[in-house]
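Here is a short briefing on the fold. Please keep the model open while reading.

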Amino acid sequence: MTAEELETALERAARWLRVSERVCVLTGAGVSAESGVPTFRASDGLWEGHRIEDVASPEGWDRNPALVWNFYNARRANVATVKPNPGHFALVAMEDRWDDRFCLVTQNVDGLHLEAGSVNVLEIHGSLRKTRCLGCGAVANCGIEPLSDTPDCSVCGGRLRPHIVWFGEGLDDDVWMKALESADQCDTLLVVGTSAVVHPAASLVPIARRKGATVIEFNLTPTDASVYADVGLYGPSGVILPKLLQRLG
Ligand code: BV8
Ligand code: ZN
């Protein structure tokens, strides 16, 4: 995208957003890339050297829970060293502008939106900072430091698992219903840093579009969501989101 094309696209996006009543945002790993958190698809299907089905699926957990704990401990160790970037903070400022008519749906499990100060956040794929008990189902905050590979539930002493939605697992009904509602009711959907490959998260884009929302995509390159985008802003989201915020006045 040339500088002129970006300027034109930014002005179009800003003009729309200035009159927008309800904003929904869908973010993916790309919004955390400039913080130093590796994305998924950049590593051609391998993820920190592991096959995704071995470390992010119930079958992988049943086969080798210690391997899965190690994988998530490595992700926690990485996230413990990073900070939110200007893209996260621009989304916080946008939430301040629309207040309770702003909803941030994230596929990310790094917790950086919350750390940056976003409030109305739906972590539809769970969080590295939470565990869930296999016995009583209690969900607990576990911070971001690596955990021992056999932590026990403080409520019932049962075994814990990461509170993360693995491939092949359903999303939390309540959280997903709220995400659907937000995509359904918004008049602008910002799609930030996602390859829009993973479902059902990616389906929020056509859902918003079909209800007449304007879709604005922020990515380095076009994606599966681009076909639904009214405006595409291509470049690092940590640079472009603050530029757009500036134009909102
Ligand atoms: C379910 C937690 C059923 C794990 C995650 C075939 C077709 C369609 C669907 C399927 C299929 N086969 C299987 C499925 C279903 C499957 C799925 O969608 N698979 C995909 C891979 C095809 N989905 C599921 O299994 C879901 N569950 O369907 O269950 C069911 C239903 C009811 C009841 C029971 C069962 C569960 C999906 C959730 C999986 N868990 N995360 C963990 O994180 O450890 S998904 C995982 O991928 C992450 O959450 C990640 O966020 C997400 C999506 O990836 P992205 O965020 O988009 O990241 P990616 O690297 O792909 O892209 C980064 C983008 O950023 C790129 O576009 C890049 O250009 C851009 N970028 C990079 N840098 C920047 C940038 N942009 C801007 N600025 C930058 N600086
Ligand atoms: Zn328990």
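The protein chain splits into domain 1 (3-37 + 84-125 + 171-248) and domain 2 (52-81 + 133-164), with bounds from an automatic or database domain assignment. This is a predicted model: local features need pLDDT of at least 70, side-chain atom pairs count only at pLDDT 80 or more, and totals for chains, interfaces and linings use all residues. Residues are numbered from 1 along each chain as its sequence is written, and side-chain values use heavy atoms, leaving out hydrogens and water.

**Between the domains**
- The C-alpha centres of domain 1 and domain 2 are 28 Å apart.
- Contact (heavy atoms within 4.5 Å) links 5 residues of domain 1 with 5 residues of domain 2.
- About 390 Å² is buried between domain 1 and domain 2, 60% of it on carbon and sulfur atoms; this is accessible area (1.4 Å probe) lost on being put together, summed over both parts.
- The interface has 0 salt bridges (a side-chain nitrogen of Lys or Arg within 4 Å of a carboxyl oxygen of Asp or Glu).

**The sheet**
- An open, parallel sheet of 6 strands runs in the order β5-β4-β1-β9-β10-β11 (strands are DSSP runs of E, at least two residues, numbered from the N terminus; pairing takes at least two DSSP bridges).
- β5 (121-123) and β11 (231-234) are the edge strands.
- From one strand to the next, the twist averages 15° (axes are lines fitted to C-alpha atoms, and angles run from 0 to 180 degrees between N-to-C directions).
- β1 (residues 23-27) and β4 (residues 102-106) run parallel, joined by 5 bridges. V25 has L104 in β4 as its bridge partner.

**Helices on the sheet**
- Helix α6 (residues 86-98) touches β1, β4 and β9 (188-192), at about 145° to β4. Helices are DSSP runs of H or I, at least four residues; their axes are fitted over the stretch in contact.
- Helix α10 (residues 237-248) lies across β9, β10 (214-219) and β11, at about 140° to β10.

Terms used. Chains are lettered from A and ligands numbered from 1 in the order in which they are written. Buried area is the accessible area (1.4 Å probe) that two parts lose on being put together, summed over both.
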